[in-house]
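Reader: I am new to this structure and would like to learn how to read its features one by one. Could you take me through them slowly?

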Amino acid sequence: MSHPENAAEFLKDHAKSKWHDETLWFVRDKRDRISKTIPEWEELRELASQIKDNVLANLGSYLEDFERNAQKNGIQVHWAKDGEEHNQIVLDILQKQNCTAIVKSKSILTEECHLNPFLEKHGIDVVDTDLGERIVQLLHQPPSHIVLPAIHLKKGEISALFHEKLLTEKGNEDPAYLTQAARLHLREKFLRAKVALTGVNFGVAETGEFVVCTNEGNADMGVHLADVHIASMGIEKIIPRRKDLGVFLRLLARSATGQPVTNYNSHFRSPSPGKELHIILVDNGRAAQLAREKFKNSLKCIRCGACMNTCPIYRRSGGFSYDSTVPGPIGSILSPGLDMKKHSTLPFASTLCGSCSDVCPVKINIHEQLFEWRQEITKTHGEMGKGLSMKLANGIFKSPLAYKISGNLMRAALKALPESLIYHPINAWGKGRNLPETPKESFRQWYQKNRS
Amino acid sequence: MSSRDNILTAIKGIPLEPKVLPEIPDFGVQGELTETFIQSILGNKGEVLSKVEFESWLPKAKFSKVISLSSHFPEASTLALPEDPHELEDLGLAILDGQFGVAENGAIWLEDSNLGLRALPFITEHLVIVLDRRNLVETMHQGYNRIADAVSGFGVFIAGPSKTADIEQSLVIGAHGAKSLRVVLI
């Protein structure tokens, strides 16, 4: 389904979509307020952008540095060209451990690789441990936002789900009560897990260490109790130096949720004695995106979600309307690089207002890339309807007589056309828009009457 | 060719314009360091206690299982650190020394040498971190300057208790990790 069709589905529940819109705007507002308490905020964004530019210009050698240093620290480094290879590596590690269960903390990359269904097919019990991710996993849904995975759900729905799955009291919608129930449920999973998987926020080339940020502490609960820690990392997550973390950790949480830093920022350098630490470096289309001069900057993304919270389209259409692992403005410039046909409507799901670029902590020119993708998609797929209307317009503007007649006709037609035709479901433009009142006469007629 | 070589060859075949790696200025914070740090911890839903306040709170809290690795409160332990972190399942309180704290956001740095077991500050029901007020730095930049080239298998900035807002954006303290953080400033 296209983005507009999915969005229409989301908007059917008016009260919920209004709540979604307002809640995300509230998060955007928190980001604004906290950013204004840092006098050097704009300098930090510029630094982050320049560091990431440098990373992309030297990605190959930084990856080699990272690999060498990580191996020196006792980390086992794997490389995966795509999601399939990534998933197979995870399964091989599990099978080597004779292990049939895994606990995961938030990793958008494993969503991108469709790891969960692959492991489940091979008889592995997969448990997502971030509260929001556990909620959507129990509902057999993907996350609808990269930082707030269950933002599309109301507490009544979560209460009903937990009543069914975790045997909580029927009708108890208290978030503290529901969170406590999830704590008990997941603690049991943590205590039993032999293998834990996390994503990676930053990998440091200079030291071979990597950093994972959470507020819940679920990543740490998983990996420190398990015997084996697997970290899945997109190859663009590299940063050159340890001190660069100062810039990125100052920007990440403030941009994401308006808090000064996440409560747990864990730096993994070598495994605990007797344990294993694996890192999987995943390409899955990233090298191809790096080769696209106009779109390579999308790889600078640190996955804060600020562009989603600010986007007037995302807020009003919901994450699922994008049908892409990463939704919102950044997803709309990343996903067409992976599958242009499937994601062809996404770059059009934007007003090109530029708010996404304004809040991006690494200064990705998101709205300009949306515009560039529109051109790529139009070139590739063609657009029959628009092509025809442009040809028609071309004819009208060429002939003064045709222009005059068509103007008279349009003014008459807009007055005469029944509302049902203008605001017909087929006319997407008529949705949520009112036509202006048509003037009685054209400028030419007015001029002849008054000035000639 | 292996996937590693495939990926690296593909990347190295892309003509990329050189980009300079910028130097990072030493940004500071305005205001008094200790007060800024205290406000940051409170904002993160932690508490800040003096040594005297902590000493009066601890016996009243009546924890049956306490592990203290703090050099300031060695006598507070009621059990020894086990070898297997799973035995910490019902630990009531952990008391640890933090190396330094960051005023701008309340983040406190701890390494393997402070933690005993990496799971300790997460699995414990309540956490106390003891911090010398002379070990406060302004921002994360000074924080990483302070860590410099130190090598630890694991290091963590802890800035508050475990929290979540995944249910309708309502803030709930105590998701998976410690349900409270008390910082004792000495």
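Predicted model: local features only at pLDDT ≥ 70, side-chain atom pairs only at ≥ 80, totals over all residues.

Reader: Let us begin with the layout, then: how many helices and strands does chain A have?

Author: Chain A has 22 helices and 10 strands, and its C-alpha trace spans about 95 × 55 × 45 Å along the principal axes. The chain is divided into domain 1 (1-37 + 294-382), domain 2 (40-284) and domain 3 (392-450), and the centres of domain 2 and domain 3 of chain A, taken over C-alpha atoms, are separated by 55 Å. Of the 452 residues of chain A, 48% count as buried. Among its contacts between residues at least 6 apart in sequence, 73% join residues at least 24 apart.

Reader: How should I read the packing of two helices, and at what angle do the axes of helix H9 and helix H10 of chain A cross?

Author: In general, two packed helices are described by the angle between their axes and the distance between the axes. Here the axes of helix H9 (residues 155-165) and helix H10 (residues 175-192) of chain A cross at roughly 35 degrees and come within 11 Å, and the crossing of H9(A) past H10(A) is left-handed. On the side of H9(A), the residues that take part are A:Lys155, A:Ile158, A:Ser159 and A:Phe162, and they meet A:Pro175, A:Leu178 and A:Ala181 in H10(A). By class, the residues of this contact divide into 5 nonpolar, 1 polar and 1 charged.

Reader: Which residues touch the most other members of the largest nonpolar core?

Author: That core has 160 residues, and A:Phe248 and B:Ile129 touch the most other members. The largest share of the core, 8 residues, comes from helix H12 (residues 244-257) of chain A. Domain 1 (1-37 + 294-382) and domain 2 (40-284) of chain A both give residues to this core, so it lies between them. As for B:Ile129, and not counting residues up to four places away in sequence, it touches B:Leu96, B:Gly98, B:Ile108, B:Ile158, B:Leu181 and B:Val183.

Reader: Why can helix H11 of chain A be called largely enclosed by the rest of the structure?

Author: The reasoning rests on counting neighbours, since a residue is buried if 20 or more other C-beta atoms lie within 10 Å of its own. In helix H11 (residues 218-225) of chain A, 8 of the 8 residues are buried, so the helix is largely enclosed by the rest of the structure. The buried residues of H11(A) include A:Asp220 and A:His224, along with A:Met221 and A:Val223.

Reader: Turning to the two chains together, how many residues of chain B are in contact with chain A?

Author: On the side of chain B there are 59 residues, in contact with 66 residues of chain A. H1(B) gives the largest share of the chain B side, 8 residues, and by class that side has 28 nonpolar, 21 polar and 10 charged residues.

Reader: Is A:Lys237 buried or exposed, and where is it found?

Author: A:Lys237 is found in the loop between strand S7 (228-234) and strand S8 (238-239) of chain A, and it is buried, with 24 other C-beta atoms within 10 Å. Leaving aside neighbours within four places in sequence, A:Lys237 is in contact with A:Val200, A:Phe202 and A:Gly203. The C-alpha atoms of A:Lys237 and A:Gly203 are separated by 5.9 Å, although the two are 34 residues apart along the chain.

Reader: Finally, what is the phi of A:Lys363, and what is that of B:Glu168?

Author: Most residues other than glycine have a negative phi. The phi of A:Lys363, however, is near 55 degrees, a positive value, and B:Glu168 has a positive phi of about 50 degrees although it is not a glycine. A:Lys363 is in the loop between helix H17 (355-359) and helix H18 (366-381) of chain A, and it counts as buried, with 20 C-beta neighbours inside 10 Å. B:Glu168 lies in the loop between S9 and strand S10 (172-173) of chain B, and with 18 C-beta neighbours inside 10 Å it counts as partly exposed.

Definitions and conventions: Residues numbered from 1 in each chain as written. Chains lettered and ligands numbered in written order. Axes fitted to C-alpha atoms, helices over the stretch in contact; angles between N-to-C directions. Helix = DSSP H or I, 4+ residues; strand = E, 2+ residues; numbered from the N terminus. Left-handed = near helix turned anticlockwise from the far one by under 90°. Contact = placed C-beta atoms within 7 Å. Nonpolar A, V, L, I, M, F, W, Y, C, P; charged D, E, K, R; others polar. Domains from an automatic or database assignment. Core = buried A, V, L, I, M, F, W, Y, C linked by C-beta atoms within 7 Å. Buried ≥ 20, exposed ≤ 12 C-beta atoms within 10 Å, placed from the backbone.
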